Amino acid sequence: MADIGTACISGSVGAAIAHDSAHKHVTGEALYVDDLPEPARCLHLVIRGAERAHARIRSLDLARVRTAPGVCCVLTAADIPGVNDISPIHAHDDPLLCGDEVMFWGQPIFCVAAETRADALAAIKLAEISYEDLPAILDIDEAIRAKSYVLDDQRLSKGDAGSAIAAAPHRLSGRFRHGGQDHFYLEGQVSLAVPAEDGDVHVYCSTQHPTEVQMNVAQVLGRPANAVTVEVRRMGGGFGGKESQATQWAALAALVAVKTGRAAKCRLDRDDDMVMTGKRHDFIIDWQVGFDADGRIRGIDFVQSARAGFSADLSGAIADRAMFHADNAYYLDHASILSHRCKTNTVSNTAFRGFGGPQGMLGIEEVIDAIARHLQRDPLDIRQINFYGHGTRNVTPYHMVVEDSIVDELVRRLEASSDYRARRVAIAAENAKSMVVKRGIALTPVKFGISFTTSFLNQAGALLHIYNDGSVHLNHGGTEMGQGLFQKVAQVVAQELQIDLERIKISATHTGKVPNTSATAASSGSDMNGKAAQAAAVTLKERLVDFAARHFQVAQSDVSFLPNHIRAGKQEISFDALVKLAYLDRVSLSATGFYKTPKIHYDRNTASGRPFYYFAYGAAVSEVMVDTLTGEYRVTRVDILHDVGRSLNPAIDLGQVEGGFIQGMGWLTSEELCWDEKGRLRTHAPSTYKIPTASDRPPDFRVQLQDFAENREESIHRSKAVGEPPLMLAISVFRAISDAIASVADYRHLPALDAPATPERVLAAIDALRERRP
């Protein structure tokens, strides 16, 4: 008999193997949308944005634009054959191209399609536009004064927060602001639309949500969804910025392609990308808290005010998740959380890694530190005394029972392994001697809910083919943006079929193969698509078992899948040979798989339910050095212990933890978005917007995955999501900076420090504390 394989398969679940495209990423072989060969006579699009924050367009003269060299097509709102709306929630408040009213500086007014990008760039400058200025609301404070909101307020309530705060032995209040964040994906927004027969169109798009792009492009074209196909092999980063925001550029390319019968590419340069696309929501959080002498929270009240921008986009779900994470890892017996979704004349903010969760957590961590300073206690003591319990003290403000908490054990282990207590004592002693350089340290936890809070989105599909030579073709609704999803799902299929990973071909996400997909977001990609692919593999496996039992005349219970071969009774045959026999016997070797997340539900009328299937946990200790004369600082050491359940691929998961932490650190330290008094974004290039670089990585960076607990829910192989939760570990950096500043006044006061903690803000906080010293 032929060789039937080795003792185990390569690339099984739990194997720490590299990303499937890692070698292509570093050699430049990986193909992104802009790398695809352009069809003959491909047109290039450039968009002209408004130069007012809020105005009425009095006149728009495009005569010179239309006759400019190389121009083939000019599109305005009047040229849209379908509906001029690309809202992800169908709110009809997000036009593809603005009509008479401009709602933010940079809002697309018209686009030009020309033979070359240079021709299009030259042509858009020839437009003559006159405006009638209208009053503009540019920030959260103005929106609240004007009662300007994109959606109705929402409130979560549990117990009687007002009475509990009033009756508490100690009470504090405060206001905390934190800024937004640009996605700064390496690959910008880009789409290539290729016309097909009958007015159909095929769109190659850098998007996290192919189905949403498909549906909105069809709506703009006035066509059914089956006239539009969307395909994406990979993105050069997404982080939420290509969930709803990719639609606009895909729709413009598709319109041009259908109108002209020529392929059309829309690729934003970095400046336009940053000006025209949404960011992470900035927030103002007002809080009041009552607590006892031990630091245990008795009652708390939050008012969360988020800048949504000019339209709703995904702000409702983002603000909801901020409310759901206002507790982080802490039990709040009496809580009130009010959420304002503020409408401003700025670009509509959108999804960003964490989707509101990080903003909610920042508020409670500020409160914890305020309590610690007031009581002159180690902030870690206050955190630990308020952690969720087991069996008691385990109900969230939205009335979900926390059944899987490991945060206390996780923090206990990290506290010991990082030598936190001894380091804190040593740092305090050193700060007492050092007049200029102050050190700070903080340990903060993460409890992050996993699932889309919009329940119907928690579904996924997969398509699996086994060819008659035994090779496998895998397709599912998830998208690859560098996070390793495709590799993990392929490992799940390899494990189920017991074949080597190299036998599985990973293929591009394609709306013509798997329909009605949800966005690859909410950290749910592996959970849902892994389960869907596993279901398809199980179906094919059952067919092969049934065939093998018939062919070898044994009971189905006597058929087992072993590494790269099958045992049927006392006989063994290679996987490839069995597949060939099954094909000759006319057994179907193609199957679909489907998965919907169980147990989840949420009632907005009662603000209660179970919006999350489970929670992912983590904790980080960060240590910093701050120069009190300049406000400059460095992160010198970071220790992380993170929970991914039973890891599908530890190598990829560690990369996600490290990358998420660094991105979160950038948000809270150096990434500052600035608008001027006219509503223009002034930080729209790497020269003015500072993401972390390699030199910002902590020189001592210790990251481990916890190994003492698997997911108690029946997730894919008892793993846990890892895309978003690690970002919030970086809150420890912000709190460590605050700790260093607090030492200036002998740790007696909470520094007045907003995020991001730029050197200017750090220096201002230091100066304010010095004025409070006795």
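Author: We take the cavities, then a surface patch. Keep in mind that this is a predicted model.

Reader: What volume does the largest cavity have?

Author: About 150 Å³. Its lining counts 16 residues, and Ile86, Asp94, Gln245, Gln248 and Met276 are the closest to the centre. By class, eight of the lining residues are nonpolar, six are polar and two are charged.

Reader: Which helix gives the most to the lining of the second largest cavity?

Author: Helix α15, residues 525–552, with three residues. This cavity holds about 80 Å³ of space. Its lining includes Ile450, Asn458, Asp527, Lys531, Tyr595 and Tyr613. The classes here are five nonpolar, five polar and two charged residues.

Reader: Now the surface. Which residues form a nonpolar patch there?

Author: Met435, Val436, Val437 and Leu629. Together they have about 380 Å² of accessible area.

Reader: Where does Val436 lie?

Author: In the loop between α13 (420–433) and β16 (437–450).

Reader: Why does Val436 count as partly exposed?

Author: Compare its value with the cut-offs. Buried means under 20% relative accessible area, exposed means over 50%, and partly exposed is in between. Val436 has 30% relative accessibility, so it counts as partly exposed.

Technical notes. Residues numbered from 1 in each chain as written. Predicted model: local features only at pLDDT ≥ 70, side-chain atom pairs only at ≥ 80, totals over all residues. Heavy atoms only, no water. 1 Å grid on protein atoms, 1.4 Å probe; cavity = no way out; pocket = protein on both sides within 12 Å on 5 of 7 lines; lining within 4 Å. Points joined across faces, edges and corners; volume = space filled by probe spheres on them. Nonpolar A, V, L, I, M, F, W, Y, C, P; charged D, E, K, R; others polar. Helix = DSSP H or I, 4+ residues; strand = E, 2+ residues; numbered from the N terminus. Patch = residues over 30% accessible without salt bridge, like charges linked within 9 Å, V, L, I, M, F, W, Y side chains within 5 Å. Areas by Shrake-Rupley, 256 points an atom, 1.4 Å probe, with all protein chains shown as cover. Salt bridge = Lys/Arg side-chain N within 4 Å of Asp/Glu carboxyl O. Buried < 20%, exposed > 50% of the residue type's maximum accessible area, 1.4 Å probe, protein only.
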